[in-house]
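Work through the exercises below with the model open. Each task is followed by its solution in steps.

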Amino acid sequence: MLGIRRLPLKIRLPLIHGALGWLGRRRQKRWVKAGAMTPSTGLFVVSGFFSETLGIGRGGQLSADAFDAAGFKPVRHDLRPAFRKLLTGRARLPGKGGVWFLHANAPECLVAFLAHDPKSWADRYRIGYWAWETPRAPDDWVWLADYLHEIWVPSQFVRDALIAAFAAAGREDLSDRLRVMPHPVPLSPPVRYDYAHLRFGMAPELCEVLSLFDVKSSPARKNPWAVLDVWKRAFPLPSDTARLTLKISDLSGDAKTARRLLRELKGRPDIRLFEERLSPADMDAFVAGFDMLISLHRAEGFGLPLAEAMAAEVAVIATGWSGNLDFMTESNSRLIPVRLVPLRDPDGPYCRQSDKPGQVWAEPDHIAAIDALLELTQSEGKRRDLVFAARQAVRALSEAWRRERLDALPFRGFLPVASPSPTPSPEKARTRRR
């Protein structure tokens with residue numbers, strides 16, 4: 001295993017996916033396809049990476065919280081410990097029958113199927129929550145869709161990517177299983193700015209600008225180099241009125257990216273790196289303490305950090321392409337125009353997709369980004385004009401997760417008829433106590 005980890009990603013990924021695919025093909029004859037057996041009524045299990053702070057873990061938490069708020073009270077099941085039983089296949093799910101909601105992409109769903117005894121999930125209604133960041137999802141995701149009754153996706157962009165993959169495989173019939181269910185991003189409560197500023201070293205006299213960057217999500221896709229180029233061109237000399245913070249995750253595992261970042265930051269006191277791993281609560285406070293967030297990504301399946309910043313009344317500048325267009329508009333953000341270019345990610349997780357037809361992503365217009373950055377850093381009023389509309393757009397994302405909407409979906413038929421009443425909002429709960 002240690003030897004595999006030392007291999008370049010473009011070699012390591014095909015080996016890992018190939019091994020998982022081979023194992024899945026060997027065991028699939030013991031698996032029951034969706035539709036081959038009528039699920040029985042039973043427990044509602046939501047599986048995700050609940051102990052992890054990265055995007056997929058955060059998304060799973062949001063889904064489980066939304067089901068809770070609607071009154072379904074699912075059992076939360078952490079997938080990571082179960083993955084240790086990948087080879088034995090002896091992990092078991094809580095309860096029997098009912099609904100198994102897997103907030104995990106296709107490769108992780110495959111590992112979940114391999115790790116769990118097929119008898120423990122054969123009679124469950126299965127829903128996967130998948131996301132992808134280019135116009136066509138990977139070909140090896142297609143066969144796994146046969147084992148899911150539904151596949152929920154966070155945006156129309158992801159839905160189109162899966163439809164393209166299904167069509168390329170001659171499996172257009174699988175498209176009927178797709179359902180767009182945006183991440184139910186809650187509106188953040190007012191932040192204690194004194195706490196955020198003291199805890200994270202922010203300066204009230206500066207316009208504080210944030211850019212988020214997870215090394216595991218591909219430097220080429222997240223494109224922090226564009227943000228640095230735009231910042232330096234907007235401020236040829238270090239700014240004394242604005243500061244850029246790059247929040248980096250997992251930089252220790254990528255020495256090449258670390259060296260490049262250090263070169264870029266040399267002689268720039270108005271740009272800082274922030275590498276501390278934060279708890280979910282501190283991460284919320286951290287983001288809410290900024291005045292602006294900028295993302296010059298080349299592609300997003302949804303753009304959860306953008307939506308969470310908008311929910312926290314942080315003005316957002318972002319690439320005007322891909323999944324974030326489901327909730328970002330010219331009236332609630334500054335969208336940067338793009339030109340589409342061939343996908344190139346030689347050392348990242350998208351390296352296997354570069355030779356596939358139609359695989360492109362966006363190159364944001366740096367001049368337009370410079371103009372937007374200067375406009376918003378210099379005008380608190382213009383930032384304030386964006387945030388009201390932004391919160392309204394984020395509020396709308398949770399509409400699909402309302403109790404009456406969820407009750408109308410097919411999975412509801414495999415849960416007990418009597419369910420707990422929806423959880424009251426914090427405001428209503430306080431009113432009752434008074």
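**Exercise 1.** Which residues of α3 are buried?

Solution. The buried residues of α3 are Gly 57, Gly 59, Gly 60, Leu 62, Ser 63, Ala 64, Ala 66, Phe 67 and Asp 68; the model is a predicted one. Next, check the length of the helix: α3 covers residues 55–69, and its 15 residues reach 21 Å from the first C-alpha to the last, close to the 21 Å expected at 1.5 Å a residue. Finally, look past its end, where Gly 71 follows with a positive phi near 95°.

**Exercise 2.** Find the largest nonpolar core and state which element gives the most to it.

Solution. The largest nonpolar core holds 48 residues, and those with the most contacts inside it include Trp 31, Phe 113 and Ile 151. Elements that give two or more residues to this core include α2 (9–27), α5 (106–115) and α6 (156–168). Of these, α5 gives the most, with seven residues. Now take Ile 151: leaving out residues up to four places away in sequence, Ile 151 touches Gly 128, Trp 130, Ala 145, Leu 162, Phe 166, Arg 177, Leu 178 and Arg 179. Another core, of 33 residues, lies apart from the largest one and has Val 227 and Leu 386 among its members.

**Exercise 3.** Give the strand order of the six-stranded open sheet and name its edge strands.

Solution. The order is β9-β8-β7-β10-β11-β12, with parallel pairing. β9 (271–274) and β12 (334–336) are the edges, each pairing on one side only. Neighbouring strands are turned by 20° against each other on average, direction ignored. Inside the sheet, two bridges join β7 to β10, and Val 209 has Met 292 of β10 as its bridge partner. Last, helix α10 (residues 255–265) packs on the sheet, touching β7, β8 and β9, and its direction makes about 150° with that of β9.

Technical notes. Residues are numbered from 1 along each chain as its sequence is written. This is a predicted model: local features need pLDDT of at least 70, side-chain atom pairs count only at pLDDT 80 or more; totals for chains, interfaces and linings use all residues. Side-chain values use heavy atoms; hydrogens and water are left out. Helices (H or I, at least four residues) and strands (E, at least two) are DSSP runs, numbered from the N terminus. The expected span of a helix is 1.5 Å times one less than its number of residues. Buried means under 20% relative accessible area, exposed over 50%, partly exposed in between (1.4 Å probe, protein chains only). A nonpolar core is a set of buried Ala, Val, Leu, Ile, Met, Phe, Trp, Tyr and Cys residues joined through side-chain atoms within 4.5 Å. Contact means heavy atoms within 4.5 Å. Two strands pair if DSSP finds at least two bridges between them. Axes are lines fitted to C-alpha atoms, for helices over the stretch in contact, and angles run from 0 to 180 degrees between N-to-C directions.
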